[in-house]
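Work through the exercises below with the sequence and the structure at hand. Try each task before reading its solution.

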Amino acid sequence: MADEAAKTESGKTVLIAIDGSEQARNAFDWYKNNIFKDTDKVVLVHAVEMHEILNSQQWYATPYSFDKDTLFAILEKEKEKVTAKLEEFAQLLRDSKINGTVKSVHSSSPGEGICKIAKEMNADLIITGTRGMGSVRRTLLGSVSDYILHHAHVPVIVCRH
Amino acid sequence: MADSVNKRKIMIAMDGSEYSEGALKWFAKNMYQKDRDEVIVLHVTDHRNSSSFGSNWMPVDPTMVHMAYKEEEEKAKVAIKKLDAILMDAGVQGNVVRAHGIPGEQIIQKSEELGVTMIIIASRGLGKIRRTILGSVSDYVVHHSSVPVIVCRH
């Protein structure tokens, strides 16, 4: 078909929002089994919520809330956690033999962060699960996926399982 | 490469709008695998507009309702014919299925009845309110579907 030639020359950039939850893992697997083409550029994005850090136990437990050293220590630990997560995702890519990059974005609103990266990387498609690690379980769709759905300017796939 | 053994039953919701046509084209370009996919195009006719002719001062005129209903049906028939042509144009082998009722609910119901493995829908369709990025039907479908939903926008 004449279309075949056109398809192979332009790969699309696929952004998959990952937070380490089972849902996100399923979204990645679904992409691999249903959409993946070897011309795709895959970007796994981990959105880190800033206030997670500041709301953690350690922060409240410090005697002086403006203790510079404690703040640095907490941020260092957060950085380690994020780096470990990114390594997990990178391993995911390696295991699936998919060439891709892993990124993390810090934002008070993870949805906003993901949409920002999508614009920066000119993503052609965003894939997200329905819900991640968040605590509110009563909703049908998590706040991050909901945000992405309402603000992205490219097709969005919401993977429900 | 994508798993070619798993059969897929894909439902594409189309209301005759250019947005839904865009969604089909996206599917054809990025996902369609002829030997693996069974494609169902669902068109929902919403007759709610036809049945609201009454008002506080004048009861419903059955003739008007009947006429509006017929008009809606004629529009749907034209849309269906067009859908067959659009499918052929895009090189997709699929069946056009019709439903009646509230679009969001019908899409979910039919998708469950037919056991589809994913739903493709445009972010917006023929609706009047243009200020939103995500239309009410696609919003409903995403929130109520038990299978992955692809919301296409351009």
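Helices (H or I, at least four residues) and strands (E, at least two) are DSSP runs, numbered from the N terminus. The model is predicted, with local features needing pLDDT of at least 70, side-chain atom pairs counting only at pLDDT 80 or more, and totals for chains, interfaces and linings using all residues. Residues are numbered from 1 along each chain as its sequence is written, chains are lettered from A in the order in which they are written, and side-chain values use heavy atoms, without hydrogens and water.

**Exercise 1.** State the order of the elements of chain A.

Solution. Start with the count: chain A has seven helices and five strands. Then read from the N terminus, which gives α-β-α-β-α-α-α-β-α-β-α-β.

**Exercise 2.** Which residues of helix 6 of chain A are buried?

Solution. Buried means under 20% relative accessible area (1.4 Å probe, protein chains only). Helix 6 covers residues 110-120, and its buried residues are A:P110, A:G111, A:G113, A:I114, A:C115, A:I117 and A:A118. After helix 6 comes A:N122, with a positive phi near 55°.

**Exercise 3.** What share of the contacts in chain A joins residues at least 24 apart?

Solution. A contact means heavy atoms within 4.5 Å. Take the contacts between residues at least 6 apart in sequence; of these, 72% join residues at least 24 apart.

Note on methods. Buried < 20%, exposed > 50% of the residue type's maximum accessible area, 1.4 Å probe, protein only.
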